[in-house]
Amino acid sequence: MVSRDVTAEETALRAREDLVASVSHELRTPLTSIIGYLELALDDDRLEPSTREQLEIAERNAIRLRELVADILAVSAASRHGVGFALQPAPADLEAIVRAAVTSVAPRAAAQGIEIDASAVRSCPTVVDAHRLRQVVDNLLSNAVKYNRRGGRVTVTVDREEDTVVLRVADDGPGISPSEQGRIFERFFRADAVRNSTVHGSGLGLAISRDIARAHGGDITVATQPGRGSVFTVRLPHKEGAASWSSMS
Ligand code: ADP
């Protein structure tokens with residue numbers, strides 16, 4: 001048996017995470033102000049079209065930066081608290097969460113000629129942190145669209161399998177190479193194929209999604225074949241207590 005003192009490494013890791021968290025936090029306030037003023041400026045009807053276009057580009061990028069900061073804060077919070085996210089579970093229907101996420105990604109999908117099939121999403125009342133779960137669905141759907149080819153197809157399903165709630169997001173895009181499949185849930189990991197492409201990302205979405213699924217007592221897995229697409233499956237333990245909710249909604 002070999003034992004090794006890893007206190008120094010642990011301390012360094014913790015210090016780095018603290019730094020990242022406080023820098024991200026400090027970035028949030030000025031970013032909110034930048035986005036607010038850009039919105040105000042864009043409200044002006046007298047803007048020249050070229051000025052409007054430049055402001056819109058600035059706004060798009062500021063919003064991307066805000067999303068990145070939010071992602072970094074989420075992962076550092078999860079790793080500092082060890083147990084993951086502080087969830088706020090409440091009765092919710094997974095169908096409603098998924099349908100709202102599909103509606104929000106629809107314009108981006110349409111722009112790439114991608115069809116999203118949500119016809120097999122059925123009502124699934126359970127107890128989850130709806131806000132966090134929406135983040136998971138948003139991330140899986142947005143990946144299925146952004147890494148897909150033009151004219152691709154995305155299928156999303158929600159089902160009950162005994163005591164488990166199963167959400168699947170499948171695409172017929174490029175898939176992920178066998179050597180990289182094991183790494184896509186790592187923080188900041190992006191596959192070689194996308195790293196130098198024009199498809200933006202932080203490599204944090206799947207790490208956050210997995211943290212959220214695990215915080216719910218579930219998990220997320222991927223089945224993929226290069227050239228034949230990917231299927232991401234989220235399994236969560238089904239929790240009763242949603243009957244009155246479902247009859248209300
Ligand atoms: P991001 O999308 O910000 O890069 P993610 O953590 O969401 O970060 O994904 C990590 C990596 O996994 C992506 O950079 C991409 O290489 C790969 N990936 C994720 N979803 C898909 C998908 N549906 N099809 C192909 N590759 C994917």
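I started with R214, which at 45% relative accessibility counts as partly exposed (buried is under 20% relative accessible area, exposed over 50%, partly exposed in between, with a 1.4 Å probe and protein chains only). Its partner is D219, and the two side chains meet in a salt bridge at 3.2 Å, N to O (a side-chain nitrogen of Lys or Arg within 4 Å of a carboxyl oxygen of Asp or Glu). D219 is partly exposed too, at 29%.

Before going on, I noted that this is a predicted model, where local features need pLDDT of at least 70, side-chain atom pairs count only at pLDDT 80 or more, and totals for chains, interfaces and linings use all residues. Residues are numbered from 1 along each chain as its sequence is written, and side-chain values use heavy atoms, with hydrogens and water left out.

How many salt bridges does the structure hold? I found 14. One of them joins D172 to R149, with the closest N and O atoms 2.7 Å apart. I also noted a network linking E115, D117 and R153.

**Then R190**

I checked R190 next: it is buried yet has no salt bridge. The nearest side chain of opposite charge (Lys and Arg count as positive, Asp and Glu as negative; His and the chain ends are not counted) is D71, 9.9 Å away. The R190 side chain does reach the backbone oxygen of V199, at 3.0 Å.

How values were computed: A polar contact is a pair of N or O atoms within 3.5 Å; within protein, one must be able to donate a hydrogen and the other to accept it, and residues adjacent in sequence count only if both atoms are side-chain atoms.
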